[in-house]
Amino acid sequence: MLYACLKAAHLLSIVAWIGGMFFVLACLRPATTVLEPPARVALMHATLRRFFRVVTLAAAIAFVSGAAMIAIARAAAVRTGLAFNMPLDWYTMVVLFFVMAAVFAHIGLVLFPRLGRALASQRWPDGAAALEAIRREVTLNLVIGIFVIVVVRLGSAA
């Protein structure tokens, strides 16, 4: 029962993170092109501020639930007297989680503050440049996230 709850929390956190990135890139960002730069930068800043809070929580839940599931699987192997050999797709998830977390940290600690400064000083070209840099890194994370989903699905199908 605990493992199932952890897996549900893990999957829901991933849905929030990956789905949110897809929504921002595929739906929200293109829709903002009808807005003037001041409104576009302000809307994206307000949206991303909220989204980054969600992603921070989602990443923490994904990390804690993933680590707990690995610990449960390891404990079960030890109880039965077997060596614990983590599947390759789990290693892939762990490594790419840390890559995605690092990209997200760069966005949140470097690029998003740059966007906020551009908004506060009404430097719209700087805001557009910050949004473009954020878009590139969010796209990278979305590609990695989709890759993880595919690898895990293929790994569990074997």
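Predicted model: local features only at pLDDT ≥ 70, side-chain atom pairs only at ≥ 80, totals over all residues.
Residues count from 1 along each chain as its sequence is written, and side-chain values use heavy atoms, with hydrogens and water left out. Local features need pLDDT of at least 70 and side-chain atom pairs 80 or more, while totals for chains, interfaces and linings use all residues.

**View 1. The largest pocket, about 800 Å³.** A pocket is an open set of points on a 1 Å grid over the protein atoms alone, with protein on both sides within 12 Å along at least five of seven lines, and lining residues have an atom within 4 Å of a point. Volume here is the space filled by probe spheres set on the points, which are joined across faces, edges and corners. Look for His-10, Met-69, Met-93, Val-148 and Val-152, which lie nearest the centre among 29 lining residues. Helix 1 (2-31), helix 2 (37-79), helix 3 (88-120) and helix 4 (124-157) each give two or more residues; helices are DSSP runs (H or I, at least four residues) numbered from the N terminus.

**View 2. The second largest pocket, about 250 Å³.** Of its 18 lining residues, Arg-29, Thr-32, Arg-40, Leu-131 and Glu-132 sit nearest the centre.

**View 3. The largest cavity, about 40 Å³.** A cavity is a set of grid points where a 1.4 Å probe fits but cannot get out. Its lining includes Trp-17, Phe-51, Phe-104 and Asn-141. Helix 2 supplies the largest share, three residues.
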